[in-house]
Amino acid sequence: MDKMGIHFNVWVVLLSLALVATAAYSALNLIAQVSGSNGKVRRIWLISGAFVLGSGIWVLHYVGIMASYLPLVNYYPGRSILSLLVGVLFCYLAFHITSDTRLGVWRLIVGGILLGSGISAMHYIGLFSLRIGAKVYYDVWTQGAAVALVVVSAYLGILMFYKFKACAGRMDYQDSLTELPNRHGLEHYFKNEFFGSRSGAVFFVDLDRFKSINDTLGHDIGDMLLQEVAVRLIRSVRDKGKVFRLGGDEFLIALPDCTLENAQLEAERIMHELKRFYRIQGNELYVTASIGISMTPLHGTDRSTLMKAADTALYTSKDSGKNKFSVFDQEANRHQLRRMSLEKDLRKALARSEFMVVYQPKWDSYMNVTVGLEALLRWRHPEHGIISPAEFIPIAEETGLIVPITYWMLHDVCSQNKFWHKEEIANVPVSINMSARMFEDGSLYDVVAEALTCSELEPHFLELEITESIAMHNMKETVAQLSRLRMLGVRVSLDDFGTGFSSLGNLDEIPVNTLKIDQVFIRNSKMHSKKAIISNIIAIATHLNMEVVAEGVETPEQIELLKSLGCRVMQGYYYGRPMPVHELGEWFIANTAAS
């Protein structure tokens, strides 16, 4: 080299290394923001990172030339600028390929080839931009090896960056599975970017039936499904907002510049996109989503309030059948707050003895005597008074509290009925409504047998009422449990018959003593169609040797109709409303209840 007059300044060489290291560090920090961004913001991060890295390598090249005292060196400006643009372009393409959430080996390889090719192209275009007083020759094999080394180095650099990113502190803001921003990233985004427009929207997105996929196909399939859902959400939102993963199958979408009308259209578009089938590991999967929407400034002007409102709206969507979206409103909020308050108090109600049982008579219209009672649960809330069963029973069902409540009710009712027998006040069976939860663990027989043993009540004085949906759910297991109870002597009735989903072809397989005609038919018994249904139910019960009880009887006209159709046992306000124990004793005396 000395013979050609070329010498190197070591300090300038070190300066060029420092410059490119700084540029690479800055560029990779910029690129780290890409995975949490969408649309225009994403492109800005990509372009910024590509420009910083491309410029850094370009500066390295020319500062390196400055470090060598080449004789008679000048430049072609156009070629120099071209080398810069080529470097930036290839850096952009490499980052664009490798910043996708579905990063795999092939994307890393293509990214490494693009980045390495860009660096090599920049280098040789830069060399051609030199005006030197000598002719330059290249050894093809040596230069080829150099290019290959650059490509491999570029690949390893990108690989190390993404490996580092997967375990570095930057991941505090990013979900490791989907590479979406997480709750920490959400806080950062709302603090710095979301507010400012006249109107914005926050979506809570929750997948329906995701747990069943996880349970049946495994968590690996579930994770792949979540990754695909994340891709679809990003694709749906594009540059209109940002997508976050909150955890599990919950996502949040922030649309900083969005009207209520556009938010509703966007929710419909997202639901349509998510319910298209997914093909994962040979499985064709289908899921739907429920969405809750809150708007700023209408529903709040801070992150916490907006998220709470969107979460409340999400519960409304779930409660109304799922695969729907709901916009937050104050009435729904009041309903949700009351529901949460009742759930909290319901957990303590049994220990505080706040439940009571009321009884409604079943009347034989031919004999004019009481032939049975239905036990109904009531909740005496210390602040709100009597809570409607229609309000607290669904909460008890959902939380599983209905199981211990029913245990208590079985013991209380059996003991009360035994007391009436001893006091010769009444000598009739009492029915108790059963929840589907009672059949889940197979212990219903033992629970009932224990209540009967403790109270010394004979089994045929206890009747369990089930609905059609309970009978048909896991029918084989349900029928097996009911059959054991029937063998014990306990009576079984099928409640709300005609309103559920049972098949008449299975009715004879369900071990029941009684069919109860739902009050919806009795209430509209003047209609010819309802009268025909009542007549057919009575005929079916007669042919299957089952008894019939008509619910909701309130008028003499209804009584006469039912008697003309062959129904003798009735229950309703005409004969007696649900009464607490002390009132029922007086009612028995007044109506001369027969034993």
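Which residues of β3 are buried on one side and which on the other? In this predicted model, in which residues are numbered from 1 along each chain as its sequence is written, local features need pLDDT of at least 70, side-chain atom pairs count only at pLDDT 80 or more, and totals for chains, interfaces and linings use all residues. Side-chain values use heavy atoms, with hydrogens and water left out.

Both faces of β3 are covered, with G200, V202, F204, D206 and D208 buried on one side and A201, F203, V205 and L207 buried on the other; buried denotes under 20% relative accessible area, exposed over 50% and partly exposed the range in between, for a 1.4 Å probe and protein chains only. In a regular strand the side chains alternate between the two faces of the sheet. Because nine of the nine residues of β3 are buried, this strand is largely enclosed by the rest of the structure. Strands (E, at least two residues) and helices (H or I, at least four) are DSSP runs numbered from the N terminus.

The strand β3 belongs to an open sheet of five strands, ordered β4-β5-β3-β8-β9, with mixed pairing. At the edges stand β4 (242-247) and β9 (325-327), each with a single partner strand, so one side of each is left without a neighbour in the sheet. Neighbouring strands of this sheet are turned by 20 degrees against each other on average, direction ignored; axes are lines fitted to C-alpha atoms, for helices over the stretch in contact, and angles run from 0 to 180 degrees between N-to-C directions. Pairing requires that DSSP finds at least two bridges between two strands. On one side, β3 pairs with β8 in the antiparallel sense over nine bridges, and V202 has S294 of β8 as its bridge partner. Six bridges join β3 to β5, also in an antiparallel arrangement, with F203 partnered by I253 of β5. The strands β4 and β5 (residues 250-255) run antiparallel and are joined by five bridges, and the bridge partner of R245 in β5 is F251.

Helix α8 (residues 219-237) packs on the sheet, where it touches β3 (200-208), β4 and β5 and makes about 10 degrees with the direction of β5; contact means heavy atoms within 4.5 Å. Helix α10 lies across β3, β5, β8 and β9, running at about 145 degrees to β8.

Several backbone features fall in loops. A cis peptide bond with omega of about 5 degrees joins T296 and P297, and P297 is found in the loop between β8 (288-296) and α10 (303-319). Positive phi values in residues other than glycine occur at N368, near 55 degrees, in the loop between β10 (355-364) and β11, and at E456, about 60 degrees, in the loop between α14 (444-455) and β14. The residue E456 is exposed, with a relative accessible area of 57%.

The second largest pocket holds about 890 Å³ of space and is lined by 32 residues, of which E374, L376, N433, D495 and D496 lie nearest its centre. A pocket here is an open set of points on a 1 Å grid over the protein atoms alone, where a 1.4 Å probe fits, with protein on both sides within 12 Å along at least five of seven lines, and lining residues have an atom within 4 Å of a point. The largest share of this lining, five residues, comes from β11.

Technical notes: Grid points are joined across faces, edges and corners, and a volume is the space filled by probe spheres set on the points.
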